[in-house]
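I opened this notebook to record what I looked up in one structure.

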Amino acid sequence: MSKFSNVSVEQLITPTERKDALKVRIAVFVDEQKYSMESELDSYDDVSEHWAAYCDETNEDGSIRKHVPVGTIRLIPQPQHVAKLGRLAVLSSARGLYIGQKLVKSFIQHCKDNGFHSIVLHSQYPRRGFYAKLGFVIEEGDEIFDEDGTPHIRMWLRNI
Ligand SMILES: CC(C)(COP(=O)(O)OP(=O)(O)OC[C@H]1O[C@@H](n2cnc3c(N)ncnc32)[C@H](O)[C@@H]1OP(=O)(O)O)[C@@H](O)C(=O)NCCC(=O)NCCS
């Protein structure tokens, strides 16, 4: 049996709900990837929409923790009906289970339902294959750039 089951993606509205996203972001971007807390907690959170992926987690002794936050994603609205996808993260213990893909698919559906025409993101360069599998492309002329000390590349999903 999988350690993680019953995956759901939920939008986070209240400050208390949004703490679940921050827990995952700090574990992944600050503790694991060593970005600074200052760059992680940027000024865009208040103008963004946030989601978390939740699972039931079965422990080795068979006990189950319900509704554990294991992933997150955020949307920063841009001009001209563009949505910027960012802060996508899945806890290392829950990777490879299509939770990241489920978060992005929910994000795309939300954008379609809410009048966005295109989605843009800055991918960590080594992660670009993950987004390519979901249809995102690097456009001609776009080059690798530094963001918070690591190489990134812009990717687009246009005319969703
Ligand atoms: C990137 C990340 C969100 C992927 O989440 P995940 O839940 O482990 O990925 P999924 O299980 O949904 O993977 C879906 C598919 O993408 C592939 N994939 C996953 N990570 C990949 C990567 N870095 N490069 C290329 N392909 C990748 C998987 O193999 C799978 O492919 P398949 O359909 O052929 O089996 C996760 O690894 C993560 O949180 N990493 C650390 C934070 C991070 O780097 N965020 C992105 C910043 S741009």
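The entries below begin with the model itself and then turn to the sheet and the helix.

Entry one. I noted that the model is predicted, that local features need pLDDT of at least 70, that side-chain atom pairs count only at pLDDT 80 or more, and that totals for chains, interfaces and linings use all residues. Residues are numbered from 1 along each chain as its sequence is written.

Entry two. I took helices (H or I, at least four residues) and strands (E, at least two) as DSSP runs, numbered from the N terminus. I found an open sheet of 7 strands in the order 1-2-3-4-5-7-6, with mixed pairing; two strands pair if DSSP finds at least two bridges between them. Strand 1 and strand 6 (145-147) are the edge strands, as each pairs on one side only. Strand 1 and strand 2 run antiparallel and are joined by 7 bridges. I also looked up Glu10, whose bridge partner in strand 2 is Ala52.

I listed Gly100, Leu103, Val104, Phe107 and Cys111 as the buried residues of helix 3. They lie on the same side of helix 3, because they cover an arc of only 95 degrees around the axis, taken from the directions from the helix axis to the C-beta atoms. The face turned away from that buried side carries the exposed residues Gln109, Lys112 and Asp113. A residue is buried if 20 or more other C-beta atoms, placed from the backbone, lie within 10 Å of its own, exposed if 12 or fewer, and partly exposed in between.
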